[in-house]
Every structure is written in C-alpha cells, then in structure tokens.
Amino acid sequence: AILFVRNDYYLLFDRISGEGSHTVEALFQFMPVRVKVDGNRVRTDREGLRNIELAPLNLGTNFRPSLVTGQTDPVQGWISNRENMPAPCVIYRKKGAELPVEFGCVMVPFSGGGRSANLKIRKVKVEDGNAFILSWPDRTSELIFWRWNAQGQATFGPYSTDGQGAVIRRTRGGKVTYAGVVEGSYLKGKDLALLGNGLVES
C-alpha cells in the first residue's frame with residue numbers, strides 16, 4: 001500500500017506472507033543521481049535541487065540498506081534509457097527473516113538547501129497494528145497508524161478507528177489540522193470525529 005499524505009510525503013507499507021526463514025529484500029531504483037546511505041536511511045544528494053529521503057518504519061524486522069550501481073552478477077542497478085545506463089539501486093535486506101514479514105517507510109521530498117529531511121520518528125506502543133509519531137522541523141507532528149487485518153476497533157493514543165490506517169496531523173500546541181482514515185468508516189478521539197466510507201479526509 002502507498003499512501004500520499006498531502007501535500008508532503010508518502011507512506012509505504014508492504015507485507016510478504018508465507019512461512020519459513022527467507023532472505024527478504026525491498027528494492028528502490030533511482031535515476032543516475034548521487035545517493036547516500038546514512039544508517040538505515042537513504043537520501044539523494046542533488047545540489048540546489050529537490051531531493052528525497054527514505055526513512056524506514058520499525059514494523060518488527062530490522063532491514064538494513066545497501067547501495068548497488070551497475071552490477072552484472074546478478075544484474076542490478078541499471079535503467080534503460082535507449083541504452084543500458086548504471087543507476088543506483090537501494091536494497092533493504094533482511095537475511096533469515098521469518099515469514100510473514102512487514103516492511104514500511106516514509107518517503108519524504110525535501111529542498112536542495114538541506115542535507116536531510118530532518119524527520120524524527122518515534123514508535124508508539126499499541127496492541128493492534130503499528131503506530132508512529134513523525135516530528136517535523138516546523139514542530140508539527142503526525143500520528144500514523146497502520147494494520148493489515150482490520151477487524152473491529154483499534155485504539156492508538158487518544159484515537160480509535162475501524163480502518164486499516166489513519167493519519168492525524170497536529171500543531172505544536174496539539175491542534176488537529178488534518179486527519180484521514182483508510183478503509184474505515186470512522187476515526188474519532190480528542191477533538192476529532194470523522195465518519196464515512198473508504199478513504200475519509202478532513
């Protein structure tokens with residue numbers, strides 16, 4: 001699932017079902033630009049231009065990134081632009097992962113004047129699913145919730161929903177300025193009450 005949280009960033013959630021122990025990879029192919037690996041984050045480095053940062057979410061499996069460009073065995077890190085052209089490919093890999101496995105990340109565009117998106121991520125403990133607080137340089141924050149099996153009501157922080165996912169944006173003072181729920185009929189809690197079907201935004 002890919003969610004666009006307008007007008008700022010994308011959320012990606014992926015799940016590999018099955019059983020047993022396997023090597024699991026998530027690949028991100030870039031155009032021929034400078035790409036840097038910084039811990040478990042990856043970002044482009046284009047001077048004076050817009051860039052993008054990949055910031056993984058901890059869904060229970062520790063994926064580590066590596067960078068491949070122009071590899072021939074196996075073939076990886078190429079794009080086709082009338083002719084084969086080497087281009088960076090980021091591989092988030094986990095060896096010996098016990099299926100099912102979940103992978104998630106935040107994909108954040110940021111201005112060329114900065115060296116990173118300066119995004120802080122903190123996991124929030126919930127009983128059903130996963131929740132995170134994303135903190136931004138302008139001191140706004142978002143509470144993100146996601147689960148794969150949306151059955152019944154889930155509670156995360158001061159909010160509850162019957163949906164698969166939810167996003168709640170708040171100012172430094174705690175005022176809600178944006179809220180959305182995915183595949184649900186309600187999202188409610190402190191200073192918030194959304195009702196509808198499917199994707200509901202306010």
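1. Rings of Phe, Tyr and Trp (its six-membered ring) pair if their centres lie within 6.5 Å; planes under 30 degrees apart count as stacked, over 60 as edge-to-face and the rest as tilted. By that rule, Phe28, Phe63, Tyr92 and Phe103 are joined by ring pairs into a cluster.

2. A word on the numbers: this is a predicted model, where local features need pLDDT of at least 70, side-chain atom pairs count only at pLDDT 80 or more, and totals for chains, interfaces and linings use all residues. Residues are numbered from 1 along each chain as its sequence is written, and side-chain values use heavy atoms, with hydrogens and water left out.

3. There are 10 aromatic pairs in the structure. Take Phe13 and Trp146: their ring centres are 4.6 Å apart with the planes at 0°, so this pair is stacked. Phe13 is in strand E2 (residues 9-16) and Trp146 in strand E16 (residues 141-146), so the pair ties together parts 133 residues apart in sequence. Strands here are DSSP runs (E, at least two residues), numbered from the N terminus.

4. Phe13 counts as buried, at 1% relative accessibility, and Trp146 also counts as buried, at 3%. Buried means under 20% relative accessible area (1.4 Å probe, protein chains only).

5. Now for charges over rings (NZ of Lys or CZ of Arg within 6 Å of the ring centre and within 35 degrees of the ring normal). Arg169 lies over the face of Tyr178, 5.2 Å from the ring centre. Lys188 has its charged end over the ring of Tyr186, at 4.9 Å from the centre.

Methods: Helices (H or I, at least four residues) and strands (E, at least two) are DSSP runs, numbered from the N terminus. Buried means under 20% relative accessible area, exposed over 50%, partly exposed in between (1.4 Å probe, protein chains only).
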